[in-house]
Each structure stands twice: as structure tokens, then as C-alpha cells.
Amino acid sequence: IPTDYAPEDWRDFSWRYIWTQLHKNSEVTVFDTIGAAISQDGHLITATNEGLFKWNGAGNQSTLLLDYDTDSAVFSPLGDWVVLERDGQRQLVHLSARRRMLDIPEPFFSFSSDGRRLVTWDQGNELANVWRLPEEVESDSEGPVAEKPLNAADASWEDGQRMPDNSRRLQLSNDGLSFLLLGYPRSMVVSLYSSDQEPALMLHRRATESCTWSPDGLVIATGDQDGGLRLSLRSDPDRRVTVNTGGKQVRVLRFSEDGNRLAVGGSDGTFDLWDTSAIMEAAEGFATPKSSQQDAEGLKVSEELPDSLRPTLLHSTKAHLTGGIESLDFSADGSRIATFAGGVSKLWDLNRIIGKHDVREFGEDLAWFSGTYFNSHGALQTSIRQVDSNNIISGELRPGDKVLGLAEGADLFGLY
């Protein structure tokens, strides 16, 4: 759009074609939002400065759920609960009952992946306060019930490890007995704390951006700034599988309700969908920790699990041109996913986009697919990502490269 700084509209036919294709592939697209979720019946829920709305995919018609002026909104999975913040004050609200249930003084909080618990982080006391949320809320029903706090200050540590400082994200297990804490010391790390007197563990020592639990609590997923995705066993976090998602920061992680799919939101506005069924089926067989093995310096030796347990890429979609993915949410049946980035909320029908030209094969175990974006001057820039059965390796188009075909969204291109 022409402005005083850029009086000319530099967008050409290719820009408009790609923009059209990008939005055509999403079921619902809503602009000027500050948060998004998906309802129990699979509809998109959005938060704006004017209130919270539920969208009908047919004609993009909306219903006002809550008339509330808010600065930010964090939804529980399946959208039953939301934490609304205004002028630094945070309140937990049940949407269908339209009741404000709890004041939240701490700035760091999150919902468990099943949406039945809320955890808040008291940095000063190194304490995770856990609240069990009622499944049904009536006008006169009781509110959230405080459970036993998880005290990280009492945790014991292995040699050379310590409590992360400047905590910035935490994630509670569905049973409310363990939590992951993402923070510093030297770089962002994910640490695991438990209420059963287990030693605290440092799971991911790279510059970590995200973490989450599988629904059954047997697998922990972490992602870092370099595109590393790690799935660790809860029974023995030194046993894991690792894949590379292509060099982009892994901003958001979310398992489907059955745990067989993992959505990965990237800093480039792309979300990837991985099949995690192999490690989920095998996780129960690793319920007993292995005997600790140590290297010459006395540190525990990590074990990479067999390649047969590594997740496989099902689909990759350039979902947003407005920034990195900020939130992801599966529907209850796993057939839809809601994404939010840069003020834009979208609902995607996974049955419609998975397997439909998302990966085009060029030989055995090799495929190319595209991620297209625009720089600040509106010029088209296109990255190519090479995919084999386990990893994604980033590469860039250069002058002289020959393109077999070019289209964004449902269509792809390859090189020769």
C-alpha cells in the first residue's frame, strides 16, 4: 500500500497471485486480532480490542462471545478459558459462562495442554502455583481450585547445573505434577521440575525458544533458535530423537490430542506438521530409566533413539507473511488448526491441505518445497528447503537457478 515512505506500489502480478493463493488455502482469515484459538466444535475464536468473537467459516460471519476491551489474550487449548490483560492487570475468564474467575498477579503463566489446569510462576519464591479448572462452569459454580504448588527452590541438581534465571515461559504437565521452565542462565534452557523429589534436569541446553508436553506426559518436545526439534522421554530425558526443521527458530510447539501429530510454528511464519506416532507408541516401553552412563568428565551421556522413532514431516505451510507464528491450537479431532501471527488469525482444514502438493518428490527420499516472503521493499524473495526422511536443509535461490514451476500455497516448485 503506498505510503509517504514508499509512494509507489511495488507489488506486481506475482505478489498478488501469491497473496491470493496464501489466503485461499486457509478456511478463515481474520485481520487486526491480538490472539486466536479453536473452539470445541472446530470454529476459530479471535480476540480483538473490541471483544472476543467466534467465526463461522461460511461467509466469515462472527458471533460476539465477550464484550471486553483487552490488550492481550492467551487462550487455553480448545478455547474454553482465556487470560485477558488490560493495563497490566490479568484476569482468567471462562468464555461460555462469561465469568471472570481469577486474578493473576504473575506475568508468566500457561495452560496445560489439555486445558484443565493453569500454572503461574512466582519468580521471587521459585514457585509454580497450580490451579485445577472446573470442567463445567455455571453462574453459581465454584471457581478454580488451588492445588499443591511445585517448589523449584527445593529441587536438587546434578553437578554443573542450576536453576534458570530470568524465566520467560513455563509449561505444566496434564497431571499437574511436573513442569518445564524455559529461561537463562548463559542461554535459554529448558529445565524439568517434579513434585516427587526427582532431581531437576536440564533438558535442552541450546538457545531454546519453546517447549511442550505430549498429552500422556511421556514425551517432552523442545525447539531452539537454530531449528533443532528434540523429543525426549519423560522417564529418561537423556534418551531422545532430534531433527532439524530448516534453520528457522522454533517458536511454538503443540501436540494434537492423541499425541500422534506435532505442530511446529516457525519464526518465518511457517507451520510444519510432524507425525510423532512412532515415538508415542514406543514411549511406554521406555518407562523404566536406563542405568546412568557418564563420560570422562562425569556428565551423563545422552542416547539418540533409533531412527525408526524419529518424527516424519507430513506438511509445511507458509501460513503468515506478517511475522513469526505466535500461537497454534488443534481442534479436538485434530482435523483443524488455528494459527496466529502479526495480528492475523487463521483457521486451516488439515484434511484439505495435507498431501495436496505440499511435498513433491524428486527421487528417493528427496523433495523440494517453497517458502515465499517479501522484504521491506516489497521485493519477492524465495527460499528453497530440501527435505529427506529425517531433516530439512535450508538453501536459497540464486541468480541463474532454473525453476521448474512457481506457485505459492497449494502448488510448489523444484529446481533442476
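Trainee: What should I know about the model itself?

Mentor: This is a predicted model: local features need pLDDT of at least 70 and side-chain atom pairs count only at pLDDT 80 or more, while totals for chains, interfaces and linings use all residues. Residues are numbered from 1 along each chain as its sequence is written, and side-chain values use heavy atoms, with hydrogens and water left out.

Trainee: Are Glu-27 and Arg-336 buried, exposed or partly exposed?

Mentor: Buried means under 20% relative accessible area, exposed over 50%, and partly exposed in between (1.4 Å probe, protein chains only). Glu-27 has 26% and Arg-336 has 23%, so each counts as partly exposed.

Trainee: How many salt bridges does a search of the whole structure find?

Mentor: The search finds seven. One of them joins Asp-41 and Lys-54 at 2.9 Å, N to O. Asp-41 is in the loop between β2 (35-38) and β3 (44-48) and Lys-54 in strand β4 (residues 51-56), so this pair ties together parts that are 13 residues apart in sequence. Asp-41, at 48%, is partly exposed, and Lys-54, at 24%, is partly exposed too.

Trainee: What makes Arg-90 buried or exposed?

Mentor: Arg-90 has a relative accessibility of 11%, so this residue counts as buried. Its salt-bridge partner is Glu-85, at 3.5 Å, N to O. Glu-85 has 24% and therefore counts as partly exposed. Elsewhere, Arg-117, Arg-132 and Glu-147 are linked in a network of salt bridges.

Trainee: How many aromatic pairs are found, and how is such a pair described?

Mentor: The search of the whole structure finds two. The description uses the distance of the centres and the angle of the planes. Rings of Phe, Tyr and Trp (its six-membered ring) pair if their centres lie within 6.5 Å; planes under 30 degrees apart count as stacked, over 60 as edge-to-face and the rest as tilted. Trp-121 and Phe-179 have centres 5.7 Å apart and 45° between the planes, a tilted pair. Trp-121 lies in strand β11 (residues 117-122) and Phe-179 in strand β16 (residues 178-184), 58 residues apart. Both are buried.

Trainee: Why is the pair of Phe-271 and Trp-348 called edge-to-face?

Mentor: Their planes make an angle of 65°, with 5.8 Å centre to centre, and an angle over 60 is edge-to-face by definition. Phe-271 is in strand β25 (residues 270-275) and Trp-348 in strand β30 (residues 344-349), so the pair ties together parts 77 residues apart in sequence. Phe-271, at 0%, is buried, as is Trp-348, at 1%.

Methods. A salt bridge is a side-chain nitrogen of Lys or Arg within 4 Å of a carboxyl oxygen of Asp or Glu. Helices (H or I, at least four residues) and strands (E, at least two) are DSSP runs, numbered from the N terminus.
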